[in-house]
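Visitor: I am new to this one and would like to ask about it while I look at it.

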Amino acid sequence: VQRPYNAGEGSLYGIELEMKKQLNEMVEGLGVFANATVQDSSLTTNGFTRPIKQTSDYLYNVGIDHTIAAYKFTYGAAYRYVGGYEDPVDENGFSQTLKGYGSLDLYASKRLNPTFKMGLNLKNITRESIETTSQLYSGGTLVQTQRDKEKSRASVLLTLEGKW
């Protein structure tokens, strides 16, 4: 049984940029948002340095939402993209690559009173395919390749948020 792992001395650096813009001049309560994260990682174990496994170099979100103030109701959609990664061959001769993928989320929330807010999120409604390639090397020679393509699942998240 082979299990990829992260152990040793590591670091992860990144930057996140975020933008929000209200478009009230077009439609009262309409807004757009976007954010992007860029990151870089390294891990040193047994004198061997590589990126932290399964760490994407970037990801981003873009979305639009609308708030109906009179009803304290907000709804919207967001597209999330996770950049792929390409792990280099590690000290065990194992390498993995993930193709980048995106997903679409829909959400709605309603403020019930000053303390409570209820939310409904429909995550990954497009059920994107996630493609992973694993490779095993021995003595610098590729001995095994495995490709997995799986249809991700949509999910529903119902929340009740309170603040005291």
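Visitor: In strand 5, which residue is the bridge partner of H66?
Guide: The partner of H66 in strand 5 is Y75. Please keep in mind that this is a predicted model, in which local features need pLDDT of at least 70 and side-chain atom pairs count only at pLDDT 80 or more, while totals for chains, interfaces and linings use all residues. Residues are numbered from 1 along each chain as its sequence is written, and side-chain values use heavy atoms, with hydrogens and water left out.

Visitor: How many bridges do strand 4 and its partners have?
Guide: Strand 4 (residues 58–68) pairs with strand 2 over nine bridges, in the antiparallel sense, and with strand 5 (residues 73–82) over ten bridges, also antiparallel. Two strands are said to pair if DSSP finds at least two bridges between them. Strands themselves are DSSP runs of E with at least two residues, helices are runs of H or I with at least four, and both are numbered from the N terminus.

Visitor: What holds strands together in a sheet, in general?
Guide: Strands of a sheet pair through backbone hydrogen bonds, and the pairing is either parallel or antiparallel.

Visitor: What lies between strand 4 and strand 5?
Guide: The two form a hairpin with four residues between the strands, and there K72 takes a positive phi near 50°. K72 is a residue other than glycine.

Visitor: Where else is there a positive phi in a residue that is not a glycine?
Guide: Q54 has one of about 55°, and Q54 lies in the loop between strand 3 (48–50) and strand 4. Its relative accessibility is 48%, so Q54 counts as partly exposed; buried means under 20% relative accessible area, exposed over 50%, and partly exposed in between, with a 1.4 Å probe and protein chains only.

Visitor: Changing topic, how many helices and strands does the chain have?
Guide: The protein chain has zero helices and twelve strands.

Visitor: How does its radius of gyration stand against a compact globule?
Guide: The protein chain has 21 Å, whereas a compact globule of 164 residues would have a value near 15 Å; the radius is taken over C-alpha atoms, and the globule rule is 2.2 Å times the number of residues to the power 0.38. Along the principal axes, the C-alpha atoms fill a box of roughly 70 × 35 × 30 Å, and buried residues make up 25% of the 164 residues.

Visitor: Which strands form the open sheet?
Guide: Four strands form it in the order 6-7-10-11, with antiparallel pairing. Its edge strands, which each pair on one side only, are strand 6 (85–86) and strand 11 (141–151). Strand 6 is joined to strand 7 (residues 94–98) by two bridges, and Y85 stands opposite L98 in strand 7.

Visitor: Where does Y85 come up again, in the largest pocket?
Guide: Y85 is among the residues nearest the centre of the largest pocket, together with T55, S56, D57 and E86, out of a lining of 14 residues. A pocket here is an open set of points on a 1 Å grid over the protein atoms alone, where a 1.4 Å probe fits and protein lies on both sides within 12 Å along at least five of seven lines, and lining residues have an atom within 4 Å of a point.

Visitor: Which strand gives the largest share of that lining?
Guide: Strand 2 does, with three residues.

Visitor: How many aromatic pairs are there?
Guide: A search of the whole structure finds four, where rings of Phe, Tyr and Trp (its six-membered ring) pair if their centres lie within 6.5 Å, and planes under 30 degrees apart count as stacked, over 60 as edge-to-face and the rest as tilted. The rings of F116 and W164 have centres 5.6 Å apart and planes at 85°, so this pair is edge-to-face. It links distant parts of the chain, 48 residues apart, with F116 in strand 9 (residues 116–123) and W164 in the segment after strand 12 (155–162).

Visitor: Are those two buried or exposed?
Guide: F116, at 26% relative accessibility, counts as partly exposed, whereas W164, at 85%, counts as exposed.

Visitor: Which residues form the aromatic cluster?
Guide: Y58, Y60 and Y81 form one cluster.
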